[in-house]
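The sequence and the structure are shown first, and the description follows.

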Amino acid sequence: MILIGQDDYAGFTALYLRHIQELIQYARRLHTDEEESNDFVQEVFASLWMRRHELNLDTPLAWLYMSVRKQMLHSLRKTKKQRQIH
């Protein structure tokens, strides 16, 4: 995370490649739509890169898992609200 905070894209890429498959598998266990699950994980990694200067993560993997879960919960709430409106 120190390297990522210093704009080291290679460090970010290493973290991404190391954890992308396990996070996608986690997302697919939580959400039935495969494409949306992949999108959630990609959005989390994009968020990590965009917020790299403000995040101070001791356990980046825990943050990634939590963020994927939050993305899914947010999506489910949004879908539920849309169904209630229609």
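Helix axes are lines fitted to C-alpha atoms over the stretch in contact, and the angle between two axes runs from 0 to 180 degrees between N-to-C directions. The model described here is predicted.

**Overall architecture**

The protein contains four helices and zero strands. Read along the sequence, its elements follow the pattern α-α-α-α. The C-alpha trace spans about 45 × 25 × 20 Å along the principal axes. Of the 86 residues, 33% count as buried. Among contacts between residues at least 6 apart in sequence, 62% join residues at least 24 apart.

**The packing of helix 2 and helix 3**

Helix 2 covers residues 9-30 and helix 3 covers residues 34-50. The two pack at an angle of about 150°, and their axes are 10 Å apart. Angles over 145 degrees count as roughly antiparallel, and therefore helix 2 is roughly antiparallel to helix 3. The crossing of helix 2 past helix 3 is right-handed.

On the side of helix 2, the contact is made by Tyr 9, Phe 12, Leu 15, Tyr 16, Ile 20, Leu 23, Ile 24, Ala 27 and Arg 28. Helix 3 contributes Glu 34, Ser 37, Asn 38, Val 41, Gln 42, Phe 45, Leu 48 and Trp 49. By residue type, this contact of helix 2 with helix 3 divides into twelve nonpolar, three polar and two charged residues.

A further pair of residues can be considered alongside this contact. Gln 25 lies in helix 2 and is partly exposed, with a relative accessible area of 46%. Gln 25 and Val 41 are separated by 16 residues in sequence, and their C-alpha atoms are 9.9 Å apart in space. Val 41 is one of the residues through which helix 3 makes its contact with helix 2.

**Salt bridges**

The structure holds three salt bridges.

| Asp 7 | Arg 52 | 2.6 Å |

Asp 7 has a relative accessible area of 39% and is partly exposed, while Arg 52, at 16%, is buried. The cut-off for a buried residue is under 20% relative accessible area. The backbone of Asp 7 has a further feature: its phi is positive, at about 65°, although Asp 7 is not a glycine.

Leu 3 is found in helix 1. With a relative accessible area of 47%, Leu 3 is partly exposed. In sequence, 49 residues separate Leu 3 from Arg 52, yet their C-alpha atoms are 9.6 Å apart in space. Arg 52 is also the partner of Asp 7 in a salt bridge.

What is Ser 75 in contact with, leaving aside its neighbours within four places in sequence? Ser 75 has its place in helix 4, and its contacts beyond those neighbours are with Glu 36 and Phe 40. Both of these numbers fall within residues 34-50, the range of helix 3. Ser 75 is buried, with a relative accessible area of 16%.

Definitions and conventions:
Residues are numbered from 1 along each chain as its sequence is written. This is a predicted model: local features need pLDDT of at least 70, side-chain atom pairs count only at pLDDT 80 or more; totals for chains, interfaces and linings use all residues. Side-chain values use heavy atoms; hydrogens and water are left out. Angles under 35 degrees count as roughly parallel, over 145 as roughly antiparallel, 65 to 115 as roughly perpendicular and the rest as oblique. A crossing is left-handed if the near helix is turned anticlockwise from the far one by less than a right angle, and right-handed if clockwise. Contact means heavy atoms within 4.5 Å. Ala, Val, Leu, Ile, Met, Phe, Trp, Tyr, Cys and Pro count as nonpolar, Asp, Glu, Lys and Arg as charged, and the others, Gly among them, as polar. A salt bridge is a side-chain nitrogen of Lys or Arg within 4 Å of a carboxyl oxygen of Asp or Glu. Buried means under 20% relative accessible area, exposed over 50%, partly exposed in between (1.4 Å probe, protein chains only).
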